Amino acid sequence: MNDVVLITGATSGFGRAAARRFAKEGWSLILAGRRQERLQELKEELSQVVPVHTVALDVRDAEAVKQAIADLPGEFRPIKSLINNAGLALAPKPSQEVDLADWHTMIDTNVTGLVNVTHAVLPSLIEVGKGASIVNLGSVAGQWPYPGGHVYGATKAFVQQFTYNLRCDLLGTGVRVTDIAPGMAETEFTLVRTGGDQAASDKLYSGTTPLEPEDIAELIYYTASLPAHININRLEVMPTRQAWSAFAIDRD
Ligand SMILES: NC(=O)C1=CN([C@@H]2O[C@H](COP(=O)(O)OP(=O)(O)OC[C@H]3O[C@@H](n4cnc5c(N)ncnc54)[C@H](OP(=O)(O)O)[C@@H]3O)[C@@H](O)[C@H]2O)C=CC1
Ligand SMILES: O=CCS(=O)(=O)O
């Protein structure tokens, strides 16, 4: 029987690249995201290689998440690896100019959504035990503050601490938990963050060498496929051409 991985946010970026990476190694795929057509396209591509089950799902909806896991065909149980990847940033401007709704959307998706999926999948992961894993997509923004990072960075700080606390509770079950915290990577992330401003997205990534979705997919697969006795707690990764900046000073 194939190992089974559930990837949230599989319709784009890291999630889609991870789906292709796991398929290459013969894992059965459960792919989730809101955009049904994208899921269908990916299913057509990857079901040539491995069994694929798609679920059009909004991770913010706890009941829908629970039902989707309860409705999984037998072939897609138990889940050995959960890739908690669905997430987004919004409103890259000062906190005092942000719509409250954008803060709520980030919290509902990056925190509540991740928690919803984790809670629904935990029994399956524990059933697998040794070798099972949860890979959470955090961000450098969870550790390092920057202007316009406000609630996005705070949600990713939550992801890091939730990862560590899960590790404590899952000790003895064999289930591993990892926070992968990337820096700048070229996906649809900035398009979403800027409310669909393609020029702003292109500008951010131009003239430098950002991480690519396949780079992160490789690290996700690596983390989930390590020997069962190894748990990477946190993996922070940046492009070579990105680093931190100096403290900002307000002067007279
Ligand atoms: N790109 C970057 O620079 C970095 C990204 N990250 C994190 O990596 C993760 C993936 O981002 P990335 O691939 O770059 O971005 P993309 O925008 O390319 O992909 C985001 C994915 O999340 C899904 N998603 C968003 N909201 C929901 C929701 N409510 N329910 C279900 N799925 C949802 C989207 O699917 P759909 O719209 O179809 O629902 C999409 O598949 C995110 O958690 C992000 O915060 C971390 C560090 C750096
Ligand atoms: O999480 C995304 C990377 S960054 O925009 O915060 O650097």
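Q: How much space lies in the second largest cavity?
A: About 30 Å³. Keep in mind that this is a predicted model.

Q: Which residues line that second largest cavity?
A: The lining is made of Thr-8, Val-59, Asn-84, Asn-85, Ala-86, Thr-109, Gly-113, Leu-114 and Val-117.

Q: What gives the most to the lining of the second largest cavity?
A: Helix α4 does, with 4 residues.

Q: And by class, how many are nonpolar, polar or charged there?
A: The lining of the second largest cavity has 4 nonpolar and 5 polar residues, and no charged ones.

Q: How many cavities of 30 Å³ or more does the structure hold?
A: There are 2.

Q: What volume does the largest cavity have?
A: Its volume is about 50 Å³.

Q: What lines the largest cavity?
A: Leu-6, Thr-8, Ile-30, Ala-32, Val-55, Leu-57, Ala-68, Ile-69, Leu-72 and Val-117. By class that lining has 9 nonpolar residues, 1 polar and no charged ones.

Q: Which elements each supply at least two residues of the lining of the largest cavity?
A: β1 (4-8), β2 (28-33) and α3 (62-70).

Q: Switching to helices. Where do α4 and α5 sit in the chain, and what is their crossing angle?
A: Helix α4 covers residues 100-128 and helix α5 covers residues 150-170. Their axes come within 9 Å and cross at roughly 20°.

Q: Why are they described as roughly parallel?
A: Angles under 35 degrees count as roughly parallel, and the axes cross at roughly 20°; α4 and α5 are therefore roughly parallel to each other.

Q: Is the crossing of α4 and α5 left-handed or right-handed?
A: α4 passes α5 in a right-handed crossing. By class, the contact between these two helices has 15 nonpolar, 4 polar and 1 charged residues.

Q: Which residues in α4 and α5 meet?
A: On the α4 side they include Trp-103, Met-106, Ile-107 and Leu-114. On the α5 side, Tyr-152, Phe-158, Phe-162 and Leu-166 are among them.

Q: What about α1 and α2, how do their axes cross?
A: Helix α1 (residues 13-24) and helix α2 (residues 36-46) have axes that come within 11 Å and cross at roughly 20°. α1 and α2 are therefore roughly parallel to each other, and their crossing is right-handed.

Q: Which residues meet there?
A: Arg-16, Ala-19, Arg-20 and Ala-23 in α1 meet Arg-38, Leu-42, Glu-45 and Leu-46 in α2. The contact of α1 with α2 has 4 nonpolar and 4 charged residues, with no polar ones.

Notes:
Residues are numbered from 1 along each chain as its sequence is written. Chains are lettered from A and ligands numbered from 1 in the order in which they are written. This is a predicted model: local features need pLDDT of at least 70, side-chain atom pairs count only at pLDDT 80 or more; totals for chains, interfaces and linings use all residues. Side-chain values use heavy atoms; hydrogens and water are left out. Axes are lines fitted to C-alpha atoms, for helices over the stretch in contact, and angles run from 0 to 180 degrees between N-to-C directions. Angles under 35 degrees count as roughly parallel, over 145 as roughly antiparallel, 65 to 115 as roughly perpendicular and the rest as oblique. A crossing is left-handed if the near helix is turned anticlockwise from the far one by less than a right angle, and right-handed if clockwise. Contact means heavy atoms within 4.5 Å. Ala, Val, Leu, Ile, Met, Phe, Trp, Tyr, Cys and Pro count as nonpolar, Asp, Glu, Lys and Arg as charged, and the others, Gly among them, as polar. On a 1 Å grid over the protein atoms alone, a cavity is a set of points where a 1.4 Å probe fits but cannot get out, and a pocket is an open set with protein on both sides within 12 Å along at least five of seven lines; lining residues have an atom within 4 Å of a point. Grid points are joined across faces, edges and corners, and a volume is the space filled by probe spheres set on the points.
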